[in-house]
Amino acid sequence: MNLSLPAQLGLHRLNPRTSIGGRLIAGFLLIALLSAGALGWMLYGVSSRSLEATYREKLNLVALRKSEALEAYANELLRSVRATGRTETMVAIVRELEAALAAGGPDSEAYLQLAERQRRALAPIAALYDFPEMVLVSGSGTVVLSLNPRLAGLEAGASITRGP
């Protein structure tokens, strides 16, 4: 007797087209594969959302820390500006520049010489505090000196309270 390989192994009894046992096994396999696929898809979605939420929370914490550090830096700069601006030397410089500006205007030779001398004296202070610009303003809101004399809107004699 010469039987085929499936017949020798007894697999002809599991053929889903001809036997009920084969149909049951094929049905169970189909249900198992579909449920495993659906479960895998659901787990992928849940883990993806969880991972996104975790990273979003970490990024928010990093942003919060950076904003707190930036606020602390800004407060430190404000304290430095206040401390520097209230020194007797700085008050005397502002009064001297204000008087020269009132006497001859921003184009007078006396004001220009005084302003240049004060710029040279104030440049190291600005560098020490990492100030990109330093503008001295009188109590009435008039700009009496800017380290950058060509800075638009902050030229000597301009008012910061009334605008250009």
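Author: The structure, which is a predicted model, holds 1 aromatic pair.

Reader: Which residues form the aromatic pair, and how are their planes arranged?

Author: The partners are Trp 41 and Tyr 44, and their arrangement is tilted, with 35° between the planes and 5.8 Å centre to centre.

Reader: Where do Trp 41 and Tyr 44 lie?

Author: Both belong to helix H2, which covers residues 20-85. They are 3 residues apart, about one turn of the helix.

Reader: Is Trp 41 buried or exposed? And why?

Author: Trp 41 counts as exposed because its relative accessible area is 64%, and the cut-off for exposed is over 50%. Tyr 44 is likewise exposed, because its value is 53%.

Reader: What lies over the face of Tyr 55?

Author: Lys 58 does, at 5.8 Å from the ring centre.

Reader: Let us stay with H2. How far apart are its end C-alpha atoms, and what should its residues span?

Author: The end C-alpha atoms of H2 are 96 Å apart. At 1.5 Å a residue, its 66 residues should span 98 Å, so the two values agree.

Reader: Which residues of H2 are buried?

Author: Gly 22, Gly 45, Ser 80 and Thr 84 are the buried residues of H2. They pack against H3 and H4.

Reader: Stepping back, how many helices and strands does the chain have?

Author: The chain has 4 helices and 2 strands, and along the sequence they follow the pattern α-α-α-α-β-β.

Reader: What share of the chain counts as buried?

Author: Of its 164 residues, 20% count as buried. The accessible surface comes to about 12500 Å², and 63% of that surface belongs to carbon and sulfur atoms.

Reader: And what share of the contacts comes from residues 24 or more positions apart?

Author: Such residues account for 37% of the contacts with a separation of 6 or more.

Reader: On to the core. How many residues are in the largest nonpolar core, and which have the most contacts inside it?

Author: The largest nonpolar core has 16 residues, and those with the most contacts inside it are Leu 97, Tyr 111, Leu 122, Leu 136, Val 144 and Leu 145. H3, helix H4 (109-128) and strand E2 (143-146) each supply at least two residues of this core. H3 gives the most, with 6 residues.

Reader: What does Leu 97 touch?

Author: Leaving aside residues up to four places away in sequence, Leu 97 touches Tyr 111, Leu 114, Ala 115, Gln 118, Leu 136, Val 144 and Leu 145.

Reader: Now Val 94. Where is it found? Buried or exposed, and why?

Author: Val 94 is found in helix H3, residues 88-104. Val 94 counts as buried because its relative accessible area is 14%, and buried means under 20%.

Reader: What does Val 94 touch?

Author: With residues up to four places away in sequence not counted, Val 94 touches Leu 136, Val 137, Ser 138 and Val 144.

Reader: And how far apart are Val 94 and Gln 118 in space?

Author: They are 9.8 Å apart, C-alpha to C-alpha, and 24 residues apart in sequence.

How values were computed. Residues are numbered from 1 along each chain as its sequence is written. This is a predicted model: local features need pLDDT of at least 70, side-chain atom pairs count only at pLDDT 80 or more; totals for chains, interfaces and linings use all residues. Side-chain values use heavy atoms; hydrogens and water are left out. Buried means under 20% relative accessible area, exposed over 50%, partly exposed in between (1.4 Å probe, protein chains only). Contact means heavy atoms within 4.5 Å. A nonpolar core is a set of buried Ala, Val, Leu, Ile, Met, Phe, Trp, Tyr and Cys residues joined through side-chain atoms within 4.5 Å. Accessible areas come from the Shrake-Rupley method with a 1.4 Å probe; for residues, only the protein chains shown count as cover. Rings of Phe, Tyr and Trp (its six-membered ring) pair if their centres lie within 6.5 Å; planes under 30 degrees apart count as stacked, over 60 as edge-to-face and the rest as tilted. A charge sits over a ring if NZ of Lys or CZ of Arg is within 6 Å of the ring centre and within 35 degrees of the ring normal. The expected span of a helix is 1.5 Å times one less than its number of residues.
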